[in-house]
Amino acid sequence: MTFSRTMKIAPSILSADFANFGQECRAIEAQGADWVHVDVMDGHFVPNITFGPATCAAIRPHIKGVMDVHLMIAPVDPYIEVFAGTGADVLTAHLEAGPHIHRTLQAIRGAGVKAGLAINPGTSVDLVEPLLDMLDLVCVMTVNPGFGGQKFIHSQIAKVARLRAMIGDRPIHIEVDGGVTIETAPLVAAAGADVLVAGSAVFKGGSVADPAPYGANIRALRAAAEGALGLQ
Ligand code: DX5
Ligand code: ZN
């Protein structure tokens, strides 16, 4: 996984057919996805439950590129090793998930995986600053985590811009997660995000049997984001 700030579209399989994850992962990659975003929820840190490490390990062979695992679980530390063992490329933990985020990030890198830090809409971006040297990715939540299909929270855009300035030349990705559409993608791209997670905006209108709409949706998101950077 080499670092680049080029725009990446990361479909969230939260919006995929849960009975067909393998095929869905293959379909989105064939249709142009850069990363595959995998949302793990525990019904405790967030009010919804998805799946755990066994599912992550089962889908890994169906993903050629980056498997980006977003851990919405608390506690998180006891599970880092097992999630690292699934073959995830990035493990992202929430700053709000416990009192010892520094230890959590050490454990993720110690397990040989890229370390991501997610911050909820109510969390100040200033809290990321002391952790920058331990990070490969910061995920700015633009909805409250737990569900797909929620409305983008515009006040978070300023956090992306602030983070972009804070990061400078460090090889740290800025990911935005929640409510990303062709309307909001240009806003976060212009502010400095380089990984756009999108669930509903990618999977709408398509299926494993008819995956072409996934491709059209991914291309539309990329065009909207790159257009804001003057690249299209
Ligand atoms: C929300 C998840 C997101 C979600 C995004 O808790 O972390 O990854 O799937 O879904 P959309 O793009 O539909 O807002
Ligand atoms: Zn997510």
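Is Cys25 buried or exposed? Cys25 is buried, its relative accessible area being 0%; buried means under 20% relative accessible area, exposed over 50% and partly exposed in between, with a 1.4 Å probe and protein chains only.

The model is predicted: local features need pLDDT of at least 70, side-chain atom pairs count only at pLDDT 80 or more, and totals for chains, interfaces and linings use all residues. Residues are numbered from 1 along each chain as its sequence is written, chains are lettered from A and ligands numbered from 1 in the order in which they are written, and side-chain values use heavy atoms, with hydrogens and water left out.

**View 1. Cys25 and Cys56.** A search of the whole structure finds zero disulfides, a disulfide being a pair of cysteine sulfur atoms within 2.5 Å. Cys25 is in no disulfide, and the nearest cysteine sulfur, that of Cys56, is 10.0 Å away. That distance is too far for a bond. Cys56 is buried, also with a relative accessible area of 0%.

**View 2. Salt bridge between Arg222 and Asp34.** Six salt bridges are found in the whole structure; the term covers a side-chain nitrogen of Lys or Arg within 4 Å of a carboxyl oxygen of Asp or Glu. In the one between Arg222 and Asp34, the closest N and O atoms are 2.9 Å apart. Arg222 belongs to helix α8 (residues 212–228) and Asp34 to the loop between α1 (21–30) and β2 (35–41), so that distant parts of the chain, 188 residues apart, are linked. Helices (H or I, at least four residues) and strands (E, at least two) are DSSP runs, numbered from the N terminus. Arg222 counts as buried at 18% relative accessibility, while Asp34, at 28%, counts as partly exposed.

**View 3. Salt bridge between Asp89 and Arg60.** The closest N and O atoms of this pair are 2.8 Å apart. Asp89 lies in the loop between α3 (80–84) and β4 (90–94), and Arg60 in the loop between α2 (53–59) and β3 (66–72), 29 residues apart. Asp89 is partly exposed at 23% relative accessibility; Arg60 is buried at 17%.

**View 4. Salt bridge between Asp133 and Arg170.** Here the closest N and O atoms are 3.4 Å apart. Asp133 is in the loop between β5 (114–119) and β6 (137–141) and Arg170 in the loop between α5 (157–167) and β7 (173–177), so the pair ties together parts 37 residues apart in sequence. Asp133 is exposed at 62% relative accessibility, and Arg170 is partly exposed at 31%.

**View 5. Aromatic rings.** The structure holds four aromatic pairs. Rings of Phe, Tyr and Trp (its six-membered ring) pair if their centres lie within 6.5 Å; planes under 30 degrees apart count as stacked, over 60 as edge-to-face and the rest as tilted. The centres of Phe203 and Tyr214 are 4.9 Å apart and the planes stand at 65°, so the pair is edge-to-face. Both residues are buried. Elsewhere, Phe18, Phe21 and Phe51 form one aromatic cluster.

View 6. A nonpolar core is a set of buried Ala, Val, Leu, Ile, Met, Phe, Trp, Tyr and Cys residues joined through side-chain atoms within 4.5 Å. The largest has 74 residues, and those touching the most other members include Ile13, Val38 and Val69. Beyond its neighbours within four places in sequence, Val38 is in contact (heavy atoms within 4.5 Å) with residues including Phe51, Cys56 and Met67.
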